[in-house]
Amino acid sequence: MLIEEVMSIPKPALRPGAQVLAYASGEAYIKEFAEIIEHLAKRQGRRGILISTQWSANALTRRISLSKMPRMGLKVIDTISLSLGSRISSGDDFVFLSTPVSLESILIEIERILRSQNNECSFLVLDSFTSLKRYYTQGQLSEFFHFLLNRMLEEQLLVVMFDQEAPEGSRVSMELSSTIDHTFLISPGGGKK
Amino acid sequence: MDEVNRDSCFGVEQLDNITLGRLLPGTMGLFYGPAGCGKSSMLYHFLFQGASLTNDVCLISNEPPGRLSSHISSFKTHQPNWLKDGYISIFNIQDLMGLIGLDLESSGPDDVDLFFSLLVQIIKHLDAKRLVIDPVNPILDLLEKWNKLFFMQKLKGKLMEMGVSTFIALDTGSSLEEMKVPTMQHQIFDIIVGFRKEREPPVIMNTLTIERWKGSPHARNTYVIDISKEGVFLVPRIKPLEVK
């Protein structure tokens, strides 16, 4: 389990601002993703941001039982519902962007959330790095993550990103894994490699 | 941020981070670009920063003051007392010209000199520490007509003496060179920022490029501007390094 793995990291490495990249696919991915959101937002009661590139708002609600989350605990930047034409759930916790949209729009929404929450946000989760790779070039993603990870470090947010491809799947992925604090390869069934 | 630093900030956090703040009293800056690109909203925040330090600030515009007041008040970053208590003074350019009977059709070159004195007197009377002229185009039309090449230069000199930081907005096409305005010599500006509308379907983005800061050419990085009631945010413009 990712949570167990994160917890097993020596404490100094769990400081605010830590950056984690988890390679997981299939059932393990779904399970770990849901678990980390629930752990951070529900069990620990932390405020955070989820960039959703994989599931629509309604699908996400089913995956991670958003209705049971503390109100205003999790702000979701949803880049998929508009593109899918799915029914948009109401509520202040969602920001809807269509994909492909400029990556700057995602950065702007993050800035807005950070400001509106008076720096109470303590984590950011990106549900799928793989989905972004479908739409954006390597150069664009490199610039995007360079800025994003720096900003998150400045704001001392814990960052957890999921990649459904193997570590050597893309150059951006390899670049990222060489600059962030921890990478995990979670095999089906939940074991770490 | 201490009081001295806040005094030298522009008032948009990310812009101050990019430029390291440090606006000296007497600085004159130029924001140019097509209308509707975010120049005015950025400049309102420049005035808000001055008003937040209980300095008097002045906005000269060609819009009716009533409409401007409600636009300015729509920002959450604006405090209601700034307009009510006169920290922010708004003047309409045509009204000011009308005060001395100045108009483009019938005025002579002496009237332009009179207008110069009027501007300086107003700023002096208000003891304004920050001034915005948005847009400067109606004044430029007048200067062009009478070939008043040194009006802006003289104005800068006066404002520097009074320690007034000034920003001027110029409505143009996409490049400053296209304008070829002899009365707006670029070298008088310590700061030049170009605004553009970039189309990346389905999105249209307003961007800015800092072309000159503190008198020397800047790295010319481009930033996307987001304007909402919460204020103004800048994020780097992400450009593809290769064609997909």
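How many helices and strands does the secondary structure of chain A come to? The count for chain A is eight helices and seven strands. Keep in mind as you explore that this is a predicted model. For the complex, the predictor gives an ipTM of 0.75 and a pTM of 0.83.

**Chain A as a whole**

- Chain A has 193 residues, and buried residues make up 42% of them.
- Look at the contacts in chain A with a separation of 6 or more: 75% of them are between residues 24 or more positions apart.

**Two helices side by side in chain A**

- Find helix H7 (residues 138-154) of chain A and helix H8 (residues 171-179) of chain A, which pack with their axes 9 Å apart and at an angle of about 20°.
- Angles under 35 degrees count as roughly parallel, so H7(A) is roughly parallel to H8(A).
- The crossing of H7(A) and H8(A) is right-handed.
- On the H7(A) side, the residues that meet H8(A) are Gln138(A), Leu141(A), Ser142(A) and Phe145(A).
- Their partners in H8(A) are Arg171(A), Val172(A), Glu175(A) and Leu176(A).
- By class, the residues of this contact between H7(A) and H8(A) are four nonpolar, two polar and two charged.

**Where chain B touches chain A**

- In this meeting of chains, 15 residues of chain B are in contact with 17 residues of chain A.
- On the chain B side, the elements that give two or more residues are strand E7 (203-213), strand E9 (222-228) and strand E10 (231-236).
- Which of these elements gives the most to the side of chain B that touches chain A? The answer is E10(B), with three residues.
- The side of chain B that touches chain A has nine nonpolar and six charged residues, with no polar ones.

**Confidence in chain B**

- The mean pLDDT of chain B is 86.
- In chain B, 90% of the residues reach a pLDDT of 70 or more.

**Two helices side by side in chain B**

- Now turn to helix H7 (residues 109-126) of chain B and helix H9 (residues 151-162) of chain B, whose axes come within 11 Å and cross at roughly 20°.
- H7(B) and H9(B) are therefore roughly parallel to each other.
- Their crossing, H7(B) past H9(B), is right-handed.
- H7(B) brings Val112(B), Phe116(B), Leu119(B), Val120(B), Ile123(B) and Lys124(B) to the contact.
- H9(B) brings Phe151(B), Lys154(B), Leu155(B), Lys158(B), Leu159(B) and Met162(B).
- Nine nonpolar and three charged residues form the contact of H7(B) with H9(B), and no polar residue takes part.

- Phe150(B) sits in the loop between helix H8 (137-145) and H9 of chain B.
- Is Phe150(B) exposed or partly exposed? Phe150(B) counts as partly exposed because it has 13 C-beta neighbours inside 10 Å.
- Phe150(B) and Arg6(B) are 144 residues apart in sequence, and their C-alpha atoms are 32 Å apart in space.
- Gln153(B) is part of helix H9 of chain B, and its 14 C-beta neighbours inside 10 Å make it partly exposed.
- Met184(B) is 31 residues from Gln153(B) along the chain, with 8.4 Å between their C-alpha atoms.
- If you leave aside neighbours within four places in sequence, Gln153(B) is in contact with Gln185(B) and Ile188(B).

- Most residues other than glycine have a negative phi, and most peptide bonds are trans.
- Against that background, the peptide bond from Asp134(B) to Pro135(B) is cis, with omega near -5°.
- Pro135(B) belongs to the loop between strand E4 (130-134) and H8 of chain B.
- Thr54(B), a residue other than glycine, has a positive phi near 55°.
- You will find Thr54(B) in the loop between helix H3 (39-52) and strand E2 (57-61) of chain B, where it is exposed, with 10 other C-beta atoms within 10 Å.
- Asn147(B) is not a glycine either, yet its phi is positive, at about 50°.
- The loop between H8 and H9 of chain B holds Asn147(B), which counts as exposed with 11 C-beta neighbours inside 10 Å.

Notes. Residues are numbered from 1 along each chain as its sequence is written. Chains are lettered from A and ligands numbered from 1 in the order in which they are written. This is a predicted model: local features need pLDDT of at least 70, side-chain atom pairs count only at pLDDT 80 or more; totals for chains, interfaces and linings use all residues. Two residues are in contact if their C-beta atoms, placed from the backbone, lie within 7 Å. Helices (H or I, at least four residues) and strands (E, at least two) are DSSP runs, numbered from the N terminus. Ala, Val, Leu, Ile, Met, Phe, Trp, Tyr, Cys and Pro count as nonpolar, Asp, Glu, Lys and Arg as charged, and the others, Gly among them, as polar. Axes are lines fitted to C-alpha atoms, for helices over the stretch in contact, and angles run from 0 to 180 degrees between N-to-C directions. Angles under 35 degrees count as roughly parallel, over 145 as roughly antiparallel, 65 to 115 as roughly perpendicular and the rest as oblique. A crossing is left-handed if the near helix is turned anticlockwise from the far one by less than a right angle, and right-handed if clockwise. pLDDT is the predictor's confidence in each residue, from 0 to 100. A residue is buried if 20 or more other C-beta atoms lie within 10 Å of its own, exposed if 12 or fewer, and partly exposed in between; C-beta atoms are placed from the backbone.
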